[in-house]
Amino acid sequence: MSWSPSSEQSLPQEAPAPSFAGVELTVPDLGSPDDQATLVDWTKQIGDPVAADEPICRLALGELQFEVRSTAAGTLTRVFATPGEGVRGGDSLAEIAPAADGSELASSEDYASSEDYASSDDYASEGDLDSDADYSSNENAASTGDFGSDVAPASDGEPARTGSEPEAAVAESPPEAMERPIERIEPEPLSEVAPLEQEREEPFYAGEPPGEAGEPDLEPEQPEPEPAREPEPAPEYEAKSHELDPELAEPVASPRQPETTSDVKASGDDAVNWSHWHSPVVKMLAEKHGVDLSEVRGTGTGGRIRKRDVIAHIEGAARS
Amino acid sequence: MRPKYRGVIPWITYVDALTEALRVEMRRDPTVLCLAGASSSGVQRPTDELVSEFGPSRVREHDGGPSILAAASAAASEGMRPVCELELGALGDADAGALAAAVSSGALVLRLVCGSAAGGVSARGWETLLPEIPELKVVSPATAADAKGLLISAIRHPDPVCFVESSDLYSSVVDGVPEGEHVVPLGEARLVRQGTEIVVLAHGAAAVAAERAAKQMPGEVGVIDLRSLRPLDRDAIVASAKETGKVLIVEQPGTATGLAASLVELIYEELPQYLDAPVKDLGITVTEAGSNGQWTQSVTEACSELVAF
């Protein structure tokens, strides 16, 4: 790409060509290194203040036109292409001199975001057909207003500049107004909900002792069966083992009760569940070969009967 | 006519096997194109060596996923057979539409590169990016031989095929690969090891980790490398799950969305009465997968836990 600056304006600060004092803006990736885009026009001129993400020029790639946006806030100091010229991806387009110090950069970025609020608010409130025009004029106005106050001597005048400040002020107030009611609403339900949660949580975790104080309606009537309820699956298996072998039901039932009374928490429940839980294949094998599972010694987790235990039992029975 | 099968190349890396497959197919069929992204990660890529033989018109470099997909759908609808290389880490939600359009434009192969070098893995997984259409086939090889064989059959397949490869395996997997036109049919799983106690279902890099873990418990842990994720080899999965009764699904990071669900569904649908333990799904986090030893270790732990259950 050629380095020839545009002939329209003299550069305010002439820097040596290869080094960039400011931020270099390049032509974005065009998809293929062979593709060439044409510069349509500059939406910003040399000396214009530019906000971050503000369009500075338009490129045409075939039928498609798109904008190149600034990556930094500052002042447009140099351009390297004239309208109608062809550019390729990665070519230098322009140079932006960043705003003088960090605080100004930050403030301009903040400003850019609040400016979005402003324009979108206008959209929402007015909602007429002219909203596009409002949007663009606000955008220009806000940005130039910003830089007019902060950085640079005025460049090519943009008429709406003075109007922008009140609008921005208006725009900044609605977000605050939005925040306040939320803050007011939140603390009230929180103070109400929190004690409720505490009341609910305690009986769940602690089991017996809060049960006495926590839910007086249900528990005084049945204080003793309550712990027996917790391992619900267990009675079912017990019932099944009743069917299979009534004698065995009693010894199974008796060791279970001390477990539930001593270990209220989850670990105890797991152990109980697994030792009484027969997997589908274990049940199927037992049924198929007429094995009484109470005679099989489980070697799995928590004394669970594994498939190999049943098979070993069947094979052992076949041998003897 | 070239001979279909000559012998075995004894030592070849995963990435060289992919190059070999592409070379075989590009020599055979002039409509086969390679579309790759610009090299970003610095790892060797299968298409690197092909440019000198076939030139930049058949081995094209593009700048990003959308541009590759657009070119691929155009080429596929013109009757060409594009083989695209897409880095999964670079694909986002916005690309799902382009991906769906490319997949529905005709026969093409999408090589989805995952792994730590390819921009990491997205937390949501690539399966959500793939459109749920029955024509789409998905394969994920774990060995160099399968990488070659599956890529060749993916290119020859009349439907769109997603070829999921892990760049972590590129240079770490080395094995013997049949010379010439080695074809591995889609839809067949590979029985890696036989085991009596549990079977591990895995694919891609996870299958490699599962194989390592299984070697530490010989005879007990069986491993099935699924290879083909759509369609699944239902017979192999059902047979092994029926034999052992305990199933562990190991997934490489980024795949935790759809595959395990469909495997669990398949197993509980086909053989609920044969299960000796609930099907366990081991999702490996990205940090664990970063170091291969750690990954193998967590698979080993899960295996021994399940064997003891």
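The model is predicted.

In chain A, four strands make up an open sheet. Their order is 1-8-6-3, with antiparallel pairing. Strand 1 (23-26) and strand 3 (49-50) lie at the edges, and each pairs on one side only. Strands of a sheet pair through backbone hydrogen bonds, either parallel or antiparallel. Strand 1 of chain A meets strand 8 (residues 92-98) of chain A through four bridges, in the antiparallel sense. Within strand 8 of chain A, A:Ala94 stands opposite A:Leu25.

The largest nonpolar core holds 105 residues. B:Phe163, B:Val200 and B:Ala210 touch the most other members. Leaving aside residues up to four places away in sequence, the contacts of B:Val200 include B:Ala210, B:Ala214, B:Leu248, B:Val250 and B:Cys303. A second, separate core has 25 residues, among them A:Val27, A:Leu39, A:Val79 and A:Ala94.

Helix 8 (residues 259-270) of chain B has twelve residues, which should span 16 Å at 1.5 Å a residue. The end C-alpha atoms of this helix are 16 Å apart, so the two values agree. B:Leu259, B:Leu263 and B:Ile267 are the buried residues of helix 8 of chain B. These residues lie on the same side of the helix, because they cover an arc of only 60° around its axis. An α-helix has 3.6 residues a turn, so residues three or four places apart point the same way. B:Glu265 and B:Glu269 are exposed on the other side of helix 8 of chain B. The cover over the buried residues of helix 8 of chain B includes strand 10 (198-202), strand 12 (228-230), helix 7 (234-244) and strand 13 (247-251) of chain B.

Notes. Residues numbered from 1 in each chain as written. Chains lettered and ligands numbered in written order. Predicted model: local features only at pLDDT ≥ 70, side-chain atom pairs only at ≥ 80, totals over all residues. Pairing = 2+ DSSP bridges. Helix = DSSP H or I, 4+ residues; strand = E, 2+ residues; numbered from the N terminus. Core = buried A, V, L, I, M, F, W, Y, C linked by C-beta atoms within 7 Å. Buried ≥ 20, exposed ≤ 12 C-beta atoms within 10 Å, placed from the backbone. Contact = placed C-beta atoms within 7 Å. Expected span 1.5 Å × (residues − 1). Arc of directions from axis to C-beta.
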